[in-house]
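Trainee: I would like to learn how to read helix packing. Please show me the case first.

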Amino acid sequence: MVFQKPPDGGWGWVIVVVSFFTQFLCYGSPLAVGVLYLEWLDAFGEGKGKTAWVGSLANGIGLLASPVCSICVSSFGARPVAIFSGFMVAGGLMMSSFAPNIYFLYISYGIVVGLGCGLLYTATVTITCQYFDKHRGLALGLISTGSSVGLFIYAALQRELIDLYGLDGCLLIVGALSLNILACGSLMRPLESSSASPPPEKMCVDKAPDQYFVYHEKEKIVEENLSILEKGFVDEKCMNNVPDLKQESILNKNVLNEKDTYKKKVVEQTNFCKQLAKRKWQLYLNYCEETLVLFKNKVFSALFVAILLFDIGGFPPSLLMEDIARSANVNEEDYRVPLISIIGIMTAVGKLTLGILADFKWINTLYLYVTTLIMMGVALFAIPFAKSYLTLAMLSGILGFLTGNWSIFPYVTTKTVGIEKLTHAYGILMFFAGLGNSLGPPIVGWFYDWTQEYDTAFYFSGCCVLLGGFLLLVAALPCWDACTDQSSKLSPNTYSYKVASNT
């Protein structure tokens, strides 16, 4: 579908506001799951690696399903998907309050809530990119701060609700708050397409039910005619009690004609279904071909490796920082602000700051993203040396600010593959991001269960993030420009990311 030129304002700012609150409401609890993580450890008595799966699934399953989420948004639109996802997030949180064991939480909190968050994230990012072009970096930065502000507020809110109403009451109240997503989703008015006529494939699909209805009605008419003819023939034969060969032959001829017509319509209906299935199969083949074209772009290929390694190493601190402090024997009286809240507020600052920087023409957003990855790896190496609340708070702020590079990731993806392929490419990249989110915290938890300390785990995490950053840096070097220019000629709708500045 070809959309109108992005208005870069108007109703687009309403989209930014409702997308902000949507991400605030849906991601507040999953990102602040570290508070719940400690309660689940005490309630169910399972290992750290096993319990960490709940939070990692909640943050990773939606990203793993990003290709499916992208298809849903493309097929149904952002507004219906957002409203449906609001029911999923609220329902999953309320179901989690009745969890009898950790395995029930894998489904209710991990899968249901996580999938709802993934659908909402794809819907908000897609509709924002459609409404903005010139100020896209600022718009994405603003909406992405919603999840960070949610992390900051929900970390303290969930702790307070647990003290007042217990773990079950906390989840019920948070689930009820999530129902406000329905009101936000109803305001996501879609940007109208520039062409009034739908694509040929869609027209065929839309007409399919109508044509089947026509065939079905004709089939009913044929059956009624057959029954009337047979009934009339039998009644007349009984009344006269004398065989009328001429009339019998006429009736038989009419019956045969009706049967031939019916068979002809059945054949036509069968051929139509075959053609429809053939068109659908061709669409799937085109999707696979477009995916292969994307991976011929070296920057895109390096980007999916970088995002996978970044989430394996960079996501665990936001989930486990409270337990890291407890393992380091930090005095609870020193806790002025929860560490997760510090990560949340600094993530919001980072997203907004990096989003604004991405709009400056003299700043290369790909190099900016690589810089955040390398700095993140260095900060992860410093976690084992932090043994006080002050040092952990400082590292939490640094890690939170660098995690704000999520706001420029859609911007980098758009510049790499083009706005036409954003939904397709972003769905693939988010799949690998979800895989990293799902594996990171359990890996760190298993390292702790194995060594009884977090040092080795965060050395491993730092190596992962640094490796991803250096791979992306190598792929973005100017010496690859000639190769990426040749790959861009394979498809007129994709182009390689130009690492050199326009100046």
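Trainee: What covers the buried residues of H5?

Mentor: Buried means under 20% relative accessible area, with a 1.4 Å probe and protein chains only. Contact means heavy atoms within 4.5 Å. Here the cover of the buried residues of H5 includes helix H1 (11-31), helix H4 (66-76), H6, helix H7 (136-178) and helix H8 (181-186). Among those buried residues are Ala78, Val81, Gly86, Leu93 and Ser96. Helices are DSSP runs (H or I, at least four residues), numbered from the N terminus.

Mentor: Two notes on the source. This is a predicted model: local features need pLDDT of at least 70, side-chain atom pairs count only at pLDDT 80 or more, and totals for chains, interfaces and linings use all residues. Residues are numbered from 1 along each chain as its sequence is written, and side-chain values use heavy atoms, with hydrogens and water left out.

Trainee: At what angle do H5 and H6 pack?

Mentor: Two packed helices are described by the angle between their axes and the distance between the axes. Axes are lines fitted to C-alpha atoms, for helices over the stretch in contact, and angles run from 0 to 180 degrees between N-to-C directions. For H5 and H6 the angle is about 155°, and the axes lie 8 Å apart. The two helices are therefore roughly antiparallel (over 145 degrees).

Trainee: Where does serine 97 lie, and is serine 97 buried or exposed?

Mentor: Serine 97 sits in the loop between helix H5 (78-96) and helix H6 (102-131). Serine 97 counts as buried because its relative accessibility is 5%. Leaving aside neighbours within four places in sequence, serine 97 is in contact with Asp168, Leu171 and Leu172.

How values were computed
Buried means under 20% relative accessible area, exposed over 50%, partly exposed in between (1.4 Å probe, protein chains only). Angles under 35 degrees count as roughly parallel, over 145 as roughly antiparallel, 65 to 115 as roughly perpendicular and the rest as oblique.
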